[in-house]
Amino acid sequence: MDKRQEIESIASRYDLDVDFVQQLHDKVTDKENFARAVKMFVDGTLSFAIATGDAPINVASIRHDVAVNLLELRKMRADKVKEQMEMQRRIVEYYNGCHHVTMTHKGNKSIRETVFIKDGLIVAFGHFEPKQGGIYSANNPVMPDFRWQPHDVLGRLRKLDKGFYRKVKKAATASPREWFDFTSSTIKNE
């Protein structure tokens, strides 16, 4: 097969203009990679500006640059995953070291409200269901100021179950008393 037929064959395979493919063939310096150059153009790896520019195209060099960039991207993603897993490990270790007060819901025993207490201070609130849930409010070294509104959350827990609220209040000896202040004046302000 001569070069003209090869160019026409590649142009028809990728539905490109024959003149454009011929122009691309003339610019490619490593002719053994010409078919790869066309495939790279179709896939978007070889930009239109490079394909139509005046500079000669070295396909092997471009493929090497793409491979290096891909390896760097994978390494960055792996580093991010490692960092996130380390953060999750620290969070789990912190909460496992906390005393927790748990209440199961009356209607569905698999749903739990949990208050995490460390050294007598409330550090987090959690809501856990069988397939979802987690910490929804926290203020501690691993989750600083994460939606932290202890008075509002304790008010909601108080409405949910006053016995559970009393257990939390009894266990949270170092927590500020204003978090637990539900006099008529503070209830009116809500």
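**One residue, then the chain**

Guide: In this predicted model, the side chains of N33 and R36 make a polar contact at 3.0 Å.

Visitor: Where is N33 found?

Guide: N33 sits in the loop between helix 2 (18-27) and helix 3 (34-43).

Visitor: Is N33 buried or exposed?

Guide: Buried means under 20% relative accessible area. N33 counts as buried because its relative accessibility is 10%.

Visitor: Which residues does N33 touch, leaving aside those up to four places away in sequence?

Guide: With those left out, N33 touches V59 and A60.

Visitor: Now the whole chain. What is the order of its elements from the N terminus on?

Guide: The protein chain has eight helices and four strands. From the N terminus the order is α-α-α-α-α-β-β-β-β-α-α-α.

Visitor: What do burial and surface look like over the protein chain?

Guide: Of the 190 residues, 34% count as buried. The protein chain exposes about 12500 Å², with 53% of that supplied by carbon and sulfur atoms.

Visitor: How many positive and negative side chains are there?

Guide: There are 31 positive and 26 negative side chains in the protein chain, and the centres of the two sets lie 15 Å apart.

Note on methods:
Residues numbered from 1 in each chain as written. Predicted model: local features only at pLDDT ≥ 70, side-chain atom pairs only at ≥ 80, totals over all residues. Heavy atoms only, no water. Helix = DSSP H or I, 4+ residues; strand = E, 2+ residues; numbered from the N terminus. Buried < 20%, exposed > 50% of the residue type's maximum accessible area, 1.4 Å probe, protein only. Areas by Shrake-Rupley, 256 points an atom, 1.4 Å probe, with all protein chains shown as cover. Lys, Arg positive; Asp, Glu negative; His and termini not counted. Charge placed at Lys NZ, Arg CZ, Asp CG, Glu CD. Polar contact = N/O pair within 3.5 Å; in protein donor to acceptor, adjacent residues only side chain to side chain. Contact = heavy atoms within 4.5 Å.
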